[in-house]
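Welcome! Here is a short tour for anyone meeting this structure for the first time. Please have a look at the sequence and the model before reading on.

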Amino acid sequence: MTNAYDIAHFLAGMMLVCSFTLLYQDRILAVLNTFAVQAIMLSLAVAWQGYVRNAPDLFITAAMAFGLKGIIIPVALNRMVEKLGIKRDVDQVVNVGVAMFLGLGLTSLALLLVLKVTPGAASFTREGLALALAIILLGFLQMILRRNAVTQIVGFMSIENGLILAATGARGMPLVVEVSVAFSVLIALFVFAVFLFRIRERFDSVDVESLDKVRAARAHR
Amino acid sequence: MPATVQSFIAQGAQMFFVLAIAPAVTGITRKVKARLMRRRGPSIFQPYRDLLKLVRKESVLAPNATWFFRSAPYMIFAFTWVAAALVPTLASGLMFNWAADVVALVALIGAARALLALAAMDAGTAFGGIGSSREMMIASLAEPASLLVALTIAFAAGTTRLPEVAQFLISQPIEIRVSFALAFVALVIVAMAENARIPVDNPATHLELTMVHEAMVLEYSGRHLAMIEAAGHLKLTLYISLIICLFLPFGMAPFDGSAAAWAIGIGTYLAKLVLAAVALGVWEVSIAKMRVFRMSEFLGGAFIFAFLAILLEFLSREVQR
């Protein structure tokens, strides 16, 4: 079964590469496309796990990941970006190089930590957990380092990708939980959309730094 | 015939083979580029004619050029040739196998580059200085990435010696290795930066905004320029051979193999070389030159890829143990 492991490793590794690409990209549409690629990699990884472990319920998870996150959410975000008219470059709080080094540090941390705490587990589980933790931390980093609200949403969604990867690696969570999580993410997207349009109505931009100014003004009052 | 003599001859054969085909590799790339731009392009043997012409011409020196300026081209050529001859191309198990270390290769190339940058500043013109500073910036970004690629390969194969790495990779069953894919991308980016190929530098123009390599060699003429040009061709062949050796080593002959094995070794190597040259030409036509200030991001990408490669290699090794 070395090949089975290799393919799982490849797919999860490509998800990690996508996480780094999310951090690297400075165009909003490129970020959305990368996110879609990551979700498709996730669905392939989950489907592969389902095939290797003979667990048909994982195929449903894979289909949901593909449909919701590979197609629906990117398309919805694309439309939002078009409506908001923010196709130009998005800026990061720090420059790309620093972001990359932070990302590398977080990835190394995640791998070392998971390898330390799961010595007895099966190789699929350790591998999935380690890469998933790295993807989750990179998603957090993406949310912290971006100024634009849309790219922060993408960071949030990529955290969710990491969570699903961890869940399938660790012998799966029940399908009911899975479905409810998927739909809550979809609902979160609607909430985000409403917030986005409200923020923009108020400040004429989706740069979340303008929120800080409001807070400062309130504090002074 | 004793084995040492045989391997000495094989090593020598490889050395002169690399030297002989290097200009043709550049020629093929130029021809492909020209054809894709709907020009006819010079013959693929034009680089040989250029070299011959340059050797016959008088070389003009700046009045304040020192001995270093005159001797640097020969040293650069020698360093690059030694490096190119060390990479196993046709066969493995050659005489100087013990020296064909990736780290040594990086050091040899680095020494050649340092000489070029120093010599460029020797004549005291502004262009030499700007070329040297840019070259050093690119080198400082590309070298860590190339060393990390070397470490990834060494981590997988257990050695940094190229012939042993190639032997190890040939003996392995074919697998999907994401770390090797990432290392491959990183090494290709590094190779483009080091050889002054298009996203980083365009050696075909003399435009001061973008010049890197050309700015450094502007002061050279005649046989000195011929040496520098030949070193450039050799360096391109060296990097292509390195990529072939690390990622596509199949078909390589052992030095004491039969004539048929050697024929297969030469055939596959030439085929891979031509393929790489054509791919390089297609790539160069299809993208645009980058701004100098974007270089750090581009080469930083190579560093990230190499680092991720080593992390993933480490992970899969730890997990599978």
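With which residue does B:Glu143 form a salt bridge? The partner is B:Arg113, and the closest N and O atoms are 2.3 Å apart. A salt bridge here is a side-chain nitrogen of Lys or Arg within 4 Å of a carboxyl oxygen of Asp or Glu. This pair links distant parts of the chain, with B:Glu143 in helix 5 (residues 126–157) of chain B and B:Arg113 in helix 4 (residues 102–122) of chain B, 30 residues apart.

Before going further, a word on the ground rules. This is a predicted model, in which local features need pLDDT of at least 70 and side-chain atom pairs count only at pLDDT 80 or more, while totals for chains, interfaces and linings use all residues. Residues are numbered from 1 along each chain as its sequence is written, chains are lettered from A and ligands numbered from 1 in the order in which they are written, and side-chain values use heavy atoms, leaving out hydrogens and water.

**The network in chain B**

B:Arg113 also meets the side chain of B:Glu194 in a salt bridge (2.7 Å, N to O). B:Glu194 lies in helix 7 (residues 178–194) of chain B and B:Arg113 in helix 4, so this pair ties together parts that are 81 residues apart in sequence. Shared partners join B:Arg113, B:Glu143, B:Glu194 and B:Lys235 into one network of salt bridges.

**A pair in chain A**

Over all chains, the structure holds 9 salt bridges. One of them joins A:Lys69 and A:Glu160, with 2.6 Å between the closest N and O atoms. Because A:Lys69 lies in helix 3 (residues 57–84) and A:Glu160 in helix 6 (residues 149–169) of chain A, the pair ties together parts 91 residues apart in sequence.

How covered are these residues? Buried means under 20% relative accessible area, exposed over 50%, and partly exposed in between (1.4 Å probe, protein chains only).

| Residue | Relative accessible area | Class |
|---|---|---|
| A:Lys69 | 6% | buried |
| A:Glu160 | 6% | buried |
| B:Glu143 | 26% | partly exposed |
| B:Arg113 | 6% | buried |
| B:Glu194 | 9% | buried |

**Chain A as a whole**

Chain A has 8 helices and 0 strands, where helices (H or I, at least four residues) and strands (E, at least two) are DSSP runs numbered from the N terminus. Its C-alpha atoms fill a box of roughly 60 × 30 × 30 Å along the principal axes. Of the 221 residues in chain A, 51% are buried.
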